[in-house]
Amino acid sequence: MRLLTIGIVTAILVTLVAVLIPWLPTSASEEMDRITFVYWFATIICIGIFALVVAVVLYSVWAFRAQPEDDTDGPPIHGHTGLEIVWTVIPAVLVIAIGVVSAVVMSQNADAGRDPLTVKVFAQQFAWRFQYPAQGDLRSNELVLPLGRNVRFELESADVIHSLWIPEMGQKQDVVPGVQTKIVITPTRTGRFTLVCTELCGLGHSTMRAPVRVLRPAAWEAWVREHGQQAGGGQGGGNGAAAADGAEVFATAGCGGCHAFAPAGSDGQIGPGLDDVAASARAAGQEPAEYVRTSIVDPDTRLAPGYAAGVMPKTFGESLTSQEIDALVAYLTDGEG
Ligand code: CUA
């Protein structure tokens, strides 16, 4: 009896220590609330049982150790049916409970409800791009979500496996080339967060992040209207418009994640700096525009000194339209006169 009391008291104390420390980020989604519940449901059971067993073992070693000079055998015993039933039934019940609770939560977290907002996510080394099909195919390199609505993400990768994760929102999903994966997130808190890539995907993996903002529904609608106009307003026109578009492409294609370019305010260090492409083109014996275009579409043709092949993705020739590439070339060679 005393043994059991010691075990249970220790289990409660150790569990309290574990629970009272805020290990997890403050939840910002319904899914994270459920994940946190499953996490603690399983963890408290594990910590409780572990502490109970260790306390009983340590107490037994201390209380029932053989006295000096005592060379006698212990009394012969032949098992204890009641005890064996107890230590079989209790773990079975606990493991089944963990399984059932997890299955319920996984099914709830996969349910996008009746009227989800769909956001397409394009991942490529080393940037995230977002598209809102029901909002006129609005494109953004910032993820802006309305509070309290189910958001269903459809994920595509242009190159290797990435993984989408917003720590405060719990849900985590691999982005696999050739497969469209899905995940549901329902934000419950306004504010700014960070979407991170959580699958090692190359040299720029640690820079593959995107800003996330959760807005109240009215503010989100306003953002959609305003951002839609901005994106639409830059189309067509002369050189000025092309340069403006180029800045947009530079931002949404994630060029700044790897390249330093003063007009874009980027300071990436993975690829060569782009502030003097004219000099690099001269060194390569090419026209700046031709040099830049080749470097985007077929980057391993002529590598900048000191940079390795295979780091710059070879997918931009497909993932960007020819107008976008034109705009990007104009933007990067602008003012090189
Ligand atoms: Cu993309 Cu790591």
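**View 1. D137 in the loop between strand 2 and strand 3.** In this predicted model, D137 counts as partly exposed, at 42% relative accessibility. D137 sits in the loop between strand 2 and strand 3. Its phi is near 55°. That is a positive value in a residue other than glycine. Most residues other than glycine have a negative phi.

**View 2. E69 in the loop between helix 2 and helix 3.** E69 also has a positive phi, about 75°, although it is not a glycine. The residue is found in the loop between helix 2 and helix 3. E69 counts as exposed because its relative accessibility is 78%, and the cut-off for exposed is over 50%.

**View 3. The cis peptide bond between Q125 and F126.** A cis peptide bond joins Q125 and F126. Omega is about 0° here. F126 lies in the loop between strand 1 (117-124) and strand 2 (127-132). Most peptide bonds are trans.

**View 4. Helix 2 against helix 3.** Two packed helices are described by the angle between their axes and the distance between the axes. The axes of helix 2 and helix 3 (residues 81-109) come within 9 Å. They cross at roughly 170°. Angles over 145 degrees count as roughly antiparallel, so helix 2 and helix 3 are roughly antiparallel to each other.

**View 5. Residues at the contact of helix 2 with helix 3.** From helix 2, the contact takes in E31, R34, I35, F37, V38, F41, A42, I45 and I49. Helix 3 meets them with L94, A97, I98, V101, S102, V105, Q108 and N109. By class, the contact has 12 nonpolar, three polar and two charged residues.

View 6. Side chains of opposite charge can pair when their charged atoms come close. The structure holds six salt bridges, and one of them joins R34 to E30. The closest N and O atoms are 3.5 Å apart. Both residues lie in helix 2 (residues 30-63). They are four residues apart, about one turn of the helix. R34 is partly exposed, with a relative accessible area of 21%. E30 counts as partly exposed at 32%.

**View 7. The R139 and E324 salt bridge.** R139 forms a salt bridge with E324, and their closest N and O atoms are 3.1 Å apart. This pair links distant parts of the chain, 185 residues apart. R139 is in strand 3 (residues 138-140), and E324 is in helix 9 (residues 322-333). E324 is buried, at 14%.

**View 8. The R152 and E154 salt bridge.** R152 pairs with E154 in a salt bridge. The closest N and O atoms are 2.9 Å apart. R152 counts as partly exposed, at 26% relative accessibility. E154 is buried, with a relative accessible area of 10%.

View 9. How many disulfides does a search of the whole structure find? The search finds zero. C197 is buried, with a relative accessible area of 7%. C201 is buried as well, at 5%. Both count as buried because the cut-off is under 20% relative accessible area.

Definitions and conventions:
Residues numbered from 1 in each chain as written. Predicted model: local features only at pLDDT ≥ 70, side-chain atom pairs only at ≥ 80, totals over all residues. Heavy atoms only, no water. Disulfide = S-S within 2.5 Å. Buried < 20%, exposed > 50% of the residue type's maximum accessible area, 1.4 Å probe, protein only. Salt bridge = Lys/Arg side-chain N within 4 Å of Asp/Glu carboxyl O. Helix = DSSP H or I, 4+ residues; strand = E, 2+ residues; numbered from the N terminus. Axes fitted to C-alpha atoms, helices over the stretch in contact; angles between N-to-C directions. Parallel < 35°, antiparallel > 145°, perpendicular 65-115°, else oblique. Contact = heavy atoms within 4.5 Å. Nonpolar A, V, L, I, M, F, W, Y, C, P; charged D, E, K, R; others polar.
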